[in-house]
Number of protein chains: 4
Amino acid sequence: MFEVRTDLALESKEKFEEDNVEIKGVRVEEEHISRELHVTSVYIDTENGAKAMGKPRGTYITIEAADMMEEDEDYHREVSIQLAKVLQGMLPERKEELSVLVVGLGNREVTPDALGPYVVDNVMITRHILREFGVYAFGNRQTCCISGIVPGVMAQTGMESSEIVRGVIEETNPELVIVVDALAARSVKRLNRTIQITDTGINPGSGVGNHRNAINEQTLGVPVIAIGIPTVVDAATIVADTMNDLIGAMHSSTSLRPVGEGLERLDQMEKHELARELLSPHLNAMFVTPKDIDEAVKRLSYTISEGLNIAFS
Amino acid sequence: MFEVRTDLALESKEKFEEDNVEIKGVRVEEEHISRELHVTSVYIDTENGAKAMGKPRGTYITIEAADMMEEDEDYHREVSIQLAKVLQGMLPERKEELSVLVVGLGNREVTPDALGPYVVDNVMITRHILREFGVYAFGNRQTCCISGIVPGVMAQTGMESSEIVRGVIEETNPELVIVVDALAARSVKRLNRTIQITDTGINPGSGVGNHRNAINEQTLGVPVIAIGIPTVVDAATIVADTMNDLIGAMHSSTSLRPVGEGLERLDQMEKHELARELLSPHLNAMFVTPKDIDEAVKRLSYTISEGLNIAFS
Amino acid sequence: MFEVRTDLALESKEKFEEDNVEIKGVRVEEEHISRELHVTSVYIDTENGAKAMGKPRGTYITIEAADMMEEDEDYHREVSIQLAKVLQGMLPERKEELSVLVVGLGNREVTPDALGPYVVDNVMITRHILREFGVYAFGNRQTCCISGIVPGVMAQTGMESSEIVRGVIEETNPELVIVVDALAARSVKRLNRTIQITDTGINPGSGVGNHRNAINEQTLGVPVIAIGIPTVVDAATIVADTMNDLIGAMHSSTSLRPVGEGLERLDQMEKHELARELLSPHLNAMFVTPKDIDEAVKRLSYTISEGLNIAFS
Amino acid sequence: MFEVRTDLALESKEKFEEDNVEIKGVRVEEEHISRELHVTSVYIDTENGAKAMGKPRGTYITIEAADMMEEDEDYHREVSIQLAKVLQGMLPERKEELSVLVVGLGNREVTPDALGPYVVDNVMITRHILREFGVYAFGNRQTCCISGIVPGVMAQTGMESSEIVRGVIEETNPELVIVVDALAARSVKRLNRTIQITDTGINPGSGVGNHRNAINEQTLGVPVIAIGIPTVVDAATIVADTMNDLIGAMHSSTSLRPVGEGLERLDQMEKHELARELLSPHLNAMFVTPKDIDEAVKRLSYTISEGLNIAFS
């Protein structure tokens with residue numbers, strides 16, 4: 001009845017399962033690393049699958065780490081190692097001297113959107129050292145050439161992040177781009193507990209088609225891996241979801257069944273009108289985020305930057 | 001059906017009006033300063049009124065400034081002047097040399113909670129200058145003695161803000177305390193558009209009774225004026241409100257009436273069970289805030305600090 | 001006897017005057033706007049002049065504003081207007097719709113080096129608005145297209161600022177670049193009191209010759225105006241300067257004359273050895289800055305951004 | 001000839017050794033923990049010693065860690081353990097449940113002065129958890145009750161840090177206060193390489209006598225341990241020191257001897273006049289600090305907070 005929005009391929013897939021809809025062209029594999037660490041791989045293989053999912057073809061790997069909100073250093077280390085493993089499986093070809101640009105998207109001034117900038121703050125940057133001293137500075141060990149950029153947000157720069165990143169790539173020619181961004185989930189239960197790694201990059205809007213503001217292999221000319229953690233839920237989504245739940249509850253409860261049936265009798269147009277009425281336009285500019293988001297974002301940014309440091313060291 | 005939470009006396013009052021409940025012991029006065037600037041005064045005169053409102057006896061003045069989210073300097077100046085006027089009306093007695101402690105509650109690291117700290121950053125602090133040079137430093141003009149403190153949050157200090165403020169007051173003996181804090185509203189439409197000024201201070205929980213962690217005249221021994229702007233809505237509140245709206249819509253629409261009637265047939269217990277089921281416990285730790293909250297909080301903190309600077313200069 | 005370093009053309013010129021050396025190819029014009037506001041223009045006209053001054057050919061205009069360290073809003077406004085006037089005199093041709101990229105060099109994390117980033121924070125950015133809504137968003141008034149970037153420092157990005165800026169220019173094609181940076185002066189008396197505006201851009205090292213890391217018209221292909229305020233003095237410079245002063249004092253005082261004469265008898269090599277011995281190598285990595293640098297940098301960044309907003313509105 | 005200022009007892013002592021002056025009432029013990037880690041204990045035993053040293057009677061322990069400027073985690077860990085050891089030796093009596101207030105002096109907005117605030121950011125705060133859940137929250141293990149405060153600087157609060165700390169102590173009654181502050185050294189070689197731990201607290205000015213703005217056992221009524229790292233040198237000190245070195249060099253070099261002798265012939269008054277002339281009054285408001293101070297202060301604050309976490313866990 002009400003549409004929901006999510007950046008997680010895993011949640012898009014779940015939505016279809018809820019609705020008992022089978023989609024062709026999408027495969028799912030699950031792996032339970034430990035009681036508190038699950039990895040789910042969603043493969044969108046065909047254009048039809050992409051259209052249905054509202055996300056481009058490619059691989060979406062989700063690490064679900066139930067305790068990632070906690071302050072447990074060993075556990076975070078375990079998650080970082082898992083992230084490094086997933087990343088290494090996605091690298092175009094394993095090279096000791098890969099040159100990588102790490103892009104931290106988002107707004108440092110808005111707590112739940114600061115994930116990307118914080119990750120770049122903590123990644124080990126080597127490019128300038130390698131250019132000045134060569135591998136000698138690293139004990140003659142082959143070392144990946146890591147650079148980083150925080151492009152900022154359009155209200156501060158007047159430019160799309162994609163414009164800035166494209167320019168930096170033209171000048172510095174990295175072989176791989178890693179984009180880190182805070183995501184929007186559909187469910188508050190996933191906030192700060194899930195890492196999505198995808199080889200499709202960042203794709204604004206519906207995510208299908210060649211959008212100039214996308215940050216992906218098509219628009220940049222080099223492979224792009226996007227790493228994201230959901231830190232917010234769109235306020236409209238949370239409201240819509242609760243309404244769907246309310247209606248669902250009406251169907252399944254005996255005493256509420258007549259209510260549910262009443263709703264069912266509404267035609268499509270009436271339903272849309274009801275939704276428009278209830279979802280205040282103010283909600284579109286709002287997000288939902290946990291109260292301890294400052295601690296969470298700091299901790300999670302370390303978990304990701306540590307994963308990158310392990311993957312590229 | 002679902003309870004809603006708000007820090008605004010104005011919204012508590014409106015709730016009763018929605019429900020067509022008359023409360024004794026509460027008076028309301030409204031004043032339209034201009035098309036875009038309304039002032040509403042809620043007076044809670046009796047203990048009964050306080051219990052009904054869930055807020056202590058006292059005066060709650062709300063400045064509603066519809067365009068306060070916009071970047072219009074003249075308009076913000078107008079709001080600051082109005083705030084100064086309201087404040088001056090509340091001062092224990094107008095003195096040229098009042099000594100005032102401005103307390104900025106909240107967490108500088110969480111964008112919508114940074115309002116209080118930012119205000120203290122921009123208030124003109126004079127106490128140390130007066131103590132070293134006297135009024136000579138201000139051209140021999142009588143000058144209020146302004147000090148400021150940002151106590152931080154309990155996770156950072158291990159102490160209640162009220163403990164820190166009480167200690168500082170014992171040492172420095174101000175005649176008046178101004179507490180600035182970000183508030184929670186019930187409606188997203190009020191976010192960043194409303195300033196509440198009250199002589200009841202800050203009262204955690206239900207707000208009635210003498211709570212040790214309160215920051216008010218009873219616990220501090222000096223008059224306390226609290227200034228707040230709602231920057232968040234509790235996620236549970238927004239969901240509950242939408243559900244109430246949904247049910248309301250069912251009543252008023254012909255085609256949905258049977259649905260509403262079905263809901264009505266639920267007894268109180270069934271209704272509570274439904275609410276508990278739908279309101280995910282995760283929501284309790286979540287808030288809703290506008291996406292442009294960083295710009296908004298910076299702008300609003302200037303509007304308040306400017307109001308204080310006008311009131312005490 | 002000891003070399004001193006300064007980013008200010010004005011100070012390089014003064015150095016020659018101190019030493020009673022005439023340099024050809026360098027002209028100076030002075031203008032006293034008010035008792036507290038002087039403008040000095042240094043024109044380096046020839047390659048010989050450039051070599052002697054250690055700075056590329058071009059125009060260097062210095063606004064000396066003795067009270068710019070004070071918190072006087074009207075005075076800062078006056079300085080901003082003067083800055084706008086100087087800038088407008090340097091624009092390639094006065095156009096109502098110039099597209100300008102403002103670059104904030106420096107490190108936001110090091111207080112005296114945060115000037116550039118802070119200026120970009122406060123410049124009115126219009127490019128994204130013009131691209132989405134056209135001049136309609138500005139009441140159909142012709143409006144300059146302003147974008148901004150804070151490239152960060154090499155330790156954070158692994159890239160030269162010049163690489164990032166070059167990339168951004170290739171992508172977004174501005175007609176003019178304004179680079180804002182904190183400078184090093186020779187004299188502590190100039191700190192936070194002087195603005196230098198030059199059409200030669202930013203030129204690392206000796207500043208002469210086509211250095212790839214320069215940010216100037218030669219390397220970027222568009223005119224570059226650099227705006228800088230000295231916020232630090234190199235520690236080695238301050239020590240060297242004091243030693244020169246000590247030796248100078250010895251010459252001019254009767255009782256010390258024999259001492260000065262003693263020093264004079266040292267040959268060039270002995271002098272250099274003495275300097276090397278006294279100037280601890282630790283000093284090279286040190287700078288001198290005022291204790292109230294945080295307030296100063298915030299205030300000065302507003303003065304510059306306001307000047308830019310006036311010039312391009 | 002020129003006076004120098006230092007917060008390090010070690011440097012005050014060295015000064016006397018340079019000048020070949022014996023002071024009674026001051027003892028020194030040295031311990032070489034490793035090639036890169038030296039501990040020096042200076043005991044000021046008598047009032048005469050205190051007057052000579054310009055520092056109150058008490059114990060001053062200095063950890064010199066030559067490589068503390070480097071980014072070596074293991075080495076920093078070693079320093080943290082050494083700091084914990086020194087602290088434990090100073091605790092009034094070793095108790096498992098000591099209640100401790102950690103005070104972070106300084107200005108978060110001025111990079112080299114942010115050490116204290118950053119340390120409090122990273123200390124493990126337990127007081128609020130113990131008060132709500134008791135030792136149960138720590139697996140029934142006896143746990144020190146740690147609270148923390150960042151009082152801010154007088155320009156921001158209008159109050160002395162000592163007033164705020166005194167108030168907080170009256171309200172919360174800790175048994176021990178740890179004050180962390182950035183210090184001024186005499187020599188740039190000591191910057192970011194030295195930790196001083198003293199049981200005399202913080203003593204402004206000459207440091208002798210009962211100053212109301214002191215933060216020590218006399219003024220607070222509980223034991224106070226101060227921990228400091230020099231992050232700046234006063235600009236006047238560095239200049240004075242270089243002049244002393246210059247004059248020293250003149251004495252020891254054959255060719256310069258006449259110069260030195262010339263200086264020697266100056267009487268005391270002439271010397272003072274020379275010093276006054278050379279030491280620009282501007283220098284008093286200036287400090288010298290390393291260019292990489294942002295990284296250094298972050299790293300060092302972790303080293304100290306880790307030491308505190310070890311000492312009190």
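Colleague: Through which surface do the copies, chain C and chain A, meet?

Modeller: They meet through the same surface, because 100% of the interface residues of chain C are also interface residues in chain A, where contact means heavy atoms within 4.5 Å. This is a predicted model, in which local features need pLDDT of at least 70, side-chain atom pairs count only at pLDDT 80 or more, and totals for chains, interfaces and linings use all residues. Residues are numbered from 1 along each chain as its sequence is written, chains are lettered from A and ligands numbered from 1 in the order written, and side-chain values use heavy atoms, with hydrogens and water left out.

Colleague: How many salt bridges does the structure hold over all chains?

Modeller: Side chains of opposite charge can pair when their charged atoms come close. Over all chains the structure holds 58 salt bridges, each being a side-chain nitrogen of Lys or Arg within 4 Å of a carboxyl oxygen of Asp or Glu. One of them joins C:Glu163 and A:Arg127 at 2.8 Å, N to O. This pair crosses between chains, from helix H7 (residues 161–172) of chain C to helix H5 (residues 127–133) of chain A, helices being DSSP runs of H or I with at least four residues, numbered from the N terminus.

Conventions
Helices (H or I, at least four residues) and strands (E, at least two) are DSSP runs, numbered from the N terminus.
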